[in-house]
Amino acid sequence: MFKVLRDLLRYNKEFLLGTVLISIILALIVASFFSPYDENAIYVVAPDMPPSAEFWLGTTSRGQEVFWQIAASMRNTLFFGIIVAFVSRIIAIAVGLISGYIGGRTDQIIMAVNDTLGALPNIPILLLLVFVLRDQMTWFMLAITAALLGWTHDSRLIRSVALSLRQREFTRHAVFSGMRTPQILIREHLPYVMPIVFFTTMNNMIWAIGLEVTLSVLGFSDINRPTIGGMIYWANAHSAMVSGIWWWVAFPMLFVVILFLGLFMLAMSVNEYIDPRSRLARMGA
């Protein structure tokens, strides 16, 4: 693992830049734990103050300092993406490995369910669930629901690797040695799909964060919990751009773009590293 990180940081500028951008976001998240204000408190500072030495990124019409609100919002938004990615990776790995290794009728049934779920439109389904379960749809439940809809494409990628691993010599040796199917999948096959899992995790986090921002901006999530989408929602509710309070919208959008670019560059660089030809070209071979 450390050798892979060393090679990526040394030979891949995109990975290095992505690491720097994500480090900025992580530093902001760490700072959120030292905020002098409660993240849900309002009218704790003078409202509508532009960026200055006292208020680095200005203040909102709700009397909140933009810097500390962005710090708390970025923490919650990134945590949402991590929950969605973690839960959906578990499902994708289980489905992909089992379907690819067992094959036959089991593979056909699993892939039929997989393709059916993958064909469903995610955002309309989530909007429908939010309308139906408006009072019960918590922030955590929304993350779990998004995770249950975000694994189908990645499970197919993992399955394609598992199909080839099933025919390898070491798999036959594992079977002949008496290893059970769960042991083979976890100890023998899982390490081979981890690069794909990392790549798809970054992409899934981008999708999940974009989904959270979209739903929050529309007011279809817990708007009282600080998130990047929630900040933009309240800015629109107070007509911030019309009133000239541009910093209330501009800075949240800037930091979410930094987050997207960081995750995207990490995903692309790892995907390139997986390809031996691209890796050797980077290293000058």
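Visitor: In which helix does Met202 lie?
Guide: Happy to show you! This is a predicted model, and Met202 can be found within residues 181–217. That stretch is helix 9.

Visitor: Is Met202 buried or exposed?
Guide: A residue counts as buried when its relative accessible area is under 20%. Met202 has a relative accessibility of 8%, so Met202 is buried.

Visitor: Which residues does Met202 touch, leaving aside those up to four places away in sequence?
Guide: Contact here means heavy atoms within 4.5 Å. With residues up to four places away in sequence not counted, Met202 touches Leu263, Leu266 and Ala267.

Visitor: How far apart are the C-alpha atoms of Met202 and Ala85?
Guide: Along the chain, Met202 and Ala85 are 117 residues apart.

Visitor: What kind of ring pair do Phe67 and Trp68 form?
Guide: Good one to look at! A pair of aromatic rings is described by the distance of the centres and the angle of the planes. The count of aromatic pairs comes to eight. For Phe67 and Trp68 the centres are 4.9 Å apart and the planes stand at 80 degrees, over the 60 needed, so the pair is edge-to-face.

Visitor: Which residues do ring pairs link into a cluster with Phe67?
Guide: Phe67 itself is buried, with a relative accessible area of 15%. Ring pairs join Phe67 into a cluster with Trp56 and Trp68.

Visitor: Over which residue's ring does the charged end of Arg62 sit?
Guide: Look for a ring whose centre is 4.1 Å from the charged end of Arg62. That ring belongs to Trp234.

Note on methods
Residues are numbered from 1 along each chain as its sequence is written. This is a predicted model: local features need pLDDT of at least 70, side-chain atom pairs count only at pLDDT 80 or more; totals for chains, interfaces and linings use all residues. Side-chain values use heavy atoms; hydrogens and water are left out. Rings of Phe, Tyr and Trp (its six-membered ring) pair if their centres lie within 6.5 Å; planes under 30 degrees apart count as stacked, over 60 as edge-to-face and the rest as tilted. Buried means under 20% relative accessible area, exposed over 50%, partly exposed in between (1.4 Å probe, protein chains only). A charge sits over a ring if NZ of Lys or CZ of Arg is within 6 Å of the ring centre and within 35 degrees of the ring normal. Helices (H or I, at least four residues) and strands (E, at least two) are DSSP runs, numbered from the N terminus.
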